[in-house]
Amino acid sequence: MKKLLIDINSVVPFFVSGKVTGIGRTTLQLVSSLNELKNTHNFQVGLISQNVKGIGSKQFNTTFNKFHIYAPNRRFINRMNHSIPFKEILTNYDLLHIPHNYDFVFKPKRTVITLHDALFMKINEKAFDHLRLRKKVPQLMQKCRGIITCSNASKNDIVETMSIDPDKIDVIYWGVDHNTFHALDDKDYVKDALKRHMNIDKPYFLCVSCNSERKNTHKLVEAYIRLSRQYPVNDLISLWSNPPTFVLEMIKQADLTSRIHFFSEVTDLELRLLYNGATALIFPSSYEGFGLPVLEAMACGTPVVTCRNSSLPEVGGEAVIYIDSPITENILKSLESFENNEHDIRSFSLKGIKRASNFTWSKTAGEYISVYKKYLEIEN
């Protein structure tokens with residue numbers, strides 16, 4: 001029987017702290033959903049991880065074969081995978097799946113890569129190692145067996161910036177965990193839970209962000225500062241673990257430290273509460289390979305404001321409110337529209353829930369299985 005090996009190193013932080021990045025979250029959900037569909041694939045699945053503590057594949061509650069390399073998961077160590085077939089000897093796989101954009105591999109022709117986006121080819125952000133990625137990633141994409149990406153916008157960018165044959169790329173949308181992210185009908189419960197667990201007792205706009213410049217969270221803060229002159233009903237809550245000093249200084253100078261709040265490392269259940277309690281999710285990103293927060297918010301029935309760029313219209317469809325460009329003035333107008341009750345909130349809530357219902361992890365996993373079979377040369 002043919003053997004598929006999935007590298008799950010991006011999930012390791014979840015087994016350490018319960019927290020994980022967007023890439024780790026999608027990998028975790030994908031593997032869990034593949035396990036639920038295990039009776040539908042006629043090939044073996046193995047999971048492999050690498051670190052000195054032995055944390056990783058063994059912690060996954062699946063029936064899949066589990067492998068671990070007891071070595072530091074560091075670039076200078078991983079470079080040896082170019083020349084020494086550690087994974088090949090240990091697992092004897094037929095196809096390797098790297099779900100986290102890039103890695104050092106011994107046999108690219110037996111490797112399929114999930115490349116989430118081509119951001120690093122189009123935008124140079126100071127906080128990330130984009131120059132190195134521009135050199136390394138296209139080489140691997142050109143040599144590997146196949147590429148999977150999560151939106152048609154990302155596919156187009158990969159083709160354009162890396163000179164890749166479009167036929168080599170499969171587009172598979174991510175899903176949303178509807179068991180976790182769904183609308184809570186008891187709004188009194190939501191208000192009470194937000195007060196008890198997170199000390200939130202006022203209406204608020206929600207932003208899910210990070211220090212990435214393309215997220216434009218600093219522009220959202222600027223827009224809210226201008227909105228504050230109108231004595232808004234809503235506070236601003238941002239899931240932003242380490243906002244830069246200049247943002248904190250702006251807030252301090254505007255005397256808004258009691259109205260702009262930052263949270264970090266929230267659990268999924270806390271995030272569900274935050275989505276459900278929010279007046280709207282404000283997501284003014286300049287570029288997204290997919291945009292999970294948009295999908296999660298819609299699944300919770302939360303109105304969404306985002307930008308008409310990159311993959312975001314593929315996710316939001318006609319169920320969200322778009323601004324044409326993420327400039328402060330446009331963001332301010334979107335905030336004012338909610339403050340002035342210009343939207344039919346119930347309508348946007350229902351449209352968002354209906355739109356999000358099209359994105360399921362079972363569907364995503366099923367499409368991944370079809371791609372695996374294609375490269376393993378197994379008939380459906």
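Call a residue buried when its relative accessible area is under 20%. Keep that cut-off in mind while we walk through this model, which is predicted.

Let's start with helix α16, residues 361-376. By that cut-off, its buried residues are W361, T364, A365, Y368, I369, V371, Y372, K373, Y375 and L376. An α-helix has 3.6 residues a turn, so residues three or four places apart point the same way. Just past α16, E377 takes a positive phi of about 60 degrees.

Several of those covering strands belong to an open sheet of 7 strands, ordered β3-β2-β1-β4-β5-β6-β7, with parallel pairing. β3 (65-69) and β7 are at the edges with a single partner strand each, so one side of each has no neighbour in the sheet. Going from one strand to the next, the twist averages 25 degrees. Zoom in on β4 and β5: they run parallel and are joined by 3 bridges, and H97 has V112 in β5 as its bridge partner. Helix α7 (residues 152-162) lies across β6 and β7, at about 165 degrees to β7.

Now for the other sheet. This one is open as well, with 6 strands in the order β10-β9-β8-β11-β12-β13 and parallel pairing. Its edge strands, β10 (260-263) and β13 (321-323), each pair on one side only. Here the twist averages 25 degrees from one strand to the next. Strands β11 (residues 280-283) and β12 (residues 304-307) pair in the parallel sense over 3 bridges, with L281 standing opposite V304 in β12.

Two helices lie across strands of this sheet. Helix α11 (residues 268-277) spans β8 (204-208), β9 (235-239) and β11, running at about 135 degrees to β8. Helix α12 lies across β8, β11 and β12, and runs at about 170 degrees to β11.

How does α12 meet α15? The axes of α12 (residues 292-299) and α15 (residues 345-356) come within 7 Å and cross at roughly 115 degrees, in a left-handed crossing. On the α12 side, the contact uses L295, M298 and A299, while α15 brings G352, I353, R355 and A356. Sorted by class, that contact has 5 nonpolar, 1 polar and 1 charged residues.

Key. Residues numbered from 1 in each chain as written. Predicted model: local features only at pLDDT ≥ 70, side-chain atom pairs only at ≥ 80, totals over all residues. Heavy atoms only, no water. Axes fitted to C-alpha atoms, helices over the stretch in contact; angles between N-to-C directions. Helix = DSSP H or I, 4+ residues; strand = E, 2+ residues; numbered from the N terminus. Left-handed = near helix turned anticlockwise from the far one by under 90°. Contact = heavy atoms within 4.5 Å. Nonpolar A, V, L, I, M, F, W, Y, C, P; charged D, E, K, R; others polar. Buried < 20%, exposed > 50% of the residue type's maximum accessible area, 1.4 Å probe, protein only. Pairing = 2+ DSSP bridges.
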